Amino acid sequence: MTDTRRPFVAGNWKMNGLRADGLALATSVAAATPEQADQCDVAICPPATLLATVGERLAEIGGAVALGAQDCAVAVHGAHTGDISAEMLADTGCRYVIVGHSERRVDHGETSALVHDKAQAVLRAGLIPIVCLGETEAERDQGRALAIVGEQLSGSLPNDAGSALVVAYEPVWAIGTGRTPTEDEIAEVHRHIRNEMAGVSGIDPDAIRVLYGGSVKPANATAIAAIENVDGALVGGASLKAEDFGAICQSFAEAV
Ligand code: PEP
């Protein structure tokens with residue numbers, strides 16, 4: 001493991017929160033994670049409407065919680081109604097941008113080619129893409145989990161990112177369901193991701209953090225954090241409760 005693989009826990013708030021809720025949650029997350037700052041990178045990814053507000057609150061607090069977005073457009077600017085560019089997200093104070101979340105791949109028909117272009121746009125803006133990969137339940141049942149994740153990886157990861165890239169393995173069937181793969185299954189996919197990254201030119205496979213996502217909660221975080229090649233977590237539902245999110249960050253900080 002290289003020192004670029006400090007544990008990293010990111011909270012994906014999805015389409016949740018109005019201004020008051022977002023401010024309260026960001027303030028509580030900052031209060032729930034101060035001790036982890038030395039051992040674990042922490043980010044929250046609110047909906048686009050809250051990025052500026054939450055970013056300002058995090059800056060006022062001055063803590064170590066970074067800001068991330070949940071998606072971006074490929075273009076820099078122009079006639080793209082409703083879209084938000086990576087440069088605009090950088091201007092709002094973001095450090096990370098999630099791309100290729102399965103909810104976008106499914107709900108918006110995003111292909112790996114588009115996810116690749118979005119990840120490149122994020123790098124162009126000087127930010128760090130969190131590129132999501134993961135098989136459906138049917139694909140796992142057919143014994144195709146590794147093949148699907150490998151295909152998504154080679155189609156979605158941009159070249160020449162060095163170590164400025166995060167990958168998140170999120171089995172679609174584990175997202176928001178309370179079900180998780182076994183520790184051996186997670187280890188197998190993460191090992192596969194690490195090996196397959198060697199085939200992407202201009203990236204350093206040993207230096208890139210590979211997060212696990214899908215029903216991570218305080219009760220399973222310590223076990224997941226101990227799995228080889230798991231460098232952190234992408235957390236959905238549990239990131240909406242500051243106490244739970246703080247406990248998950250603590251588990252990853254302690255796993256160093
Ligand atoms: C997610 O959607 O990225 C996620 C991991 O969700 P949950 O933790 O709720 O399964």
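Visitor: What is the handedness of the crossing of α9 and α10?
Guide: A crossing is left-handed if the near helix is turned anticlockwise from the far one by less than a right angle, and right-handed if clockwise. Here α9 and α10 cross in a right-handed way. Helices are DSSP runs of H or I with at least four residues, numbered from the N terminus. Keep in mind that this is a predicted model, where local features need pLDDT of at least 70, side-chain atom pairs count only at pLDDT 80 or more, and totals for chains, interfaces and linings use all residues. Residues are numbered from 1 along each chain as its sequence is written, and side-chain values use heavy atoms, leaving out hydrogens and water.

Visitor: At what angle do α9 and α10 pack?
Guide: Two packed helices are described by the angle between their axes and the distance between the axes. Axes are lines fitted to C-alpha atoms, for helices over the stretch in contact, with angles from 0 to 180 degrees between N-to-C directions. For α9 (residues 218-225) and α10 (residues 242-254), the angle is about 20 degrees and the axes are 8 Å apart. The two are therefore roughly parallel, a term for angles under 35 degrees.

Visitor: Which residues of α9 make the contact?
Guide: Contact means heavy atoms within 4.5 Å. From α9 come P218, A221, T222, I224 and A225, meeting D244, A247, I248, S251 and F252 of α10.

Visitor: Is S112 buried or exposed?
Guide: Buried means under 20% relative accessible area, exposed over 50%, and partly exposed in between, with a 1.4 Å probe and protein chains only. S112, in helix α5 (residues 112-124), is buried because its relative accessible area is 17%.

Note on methods
Parallel < 35°, antiparallel > 145°, perpendicular 65-115°, else oblique.
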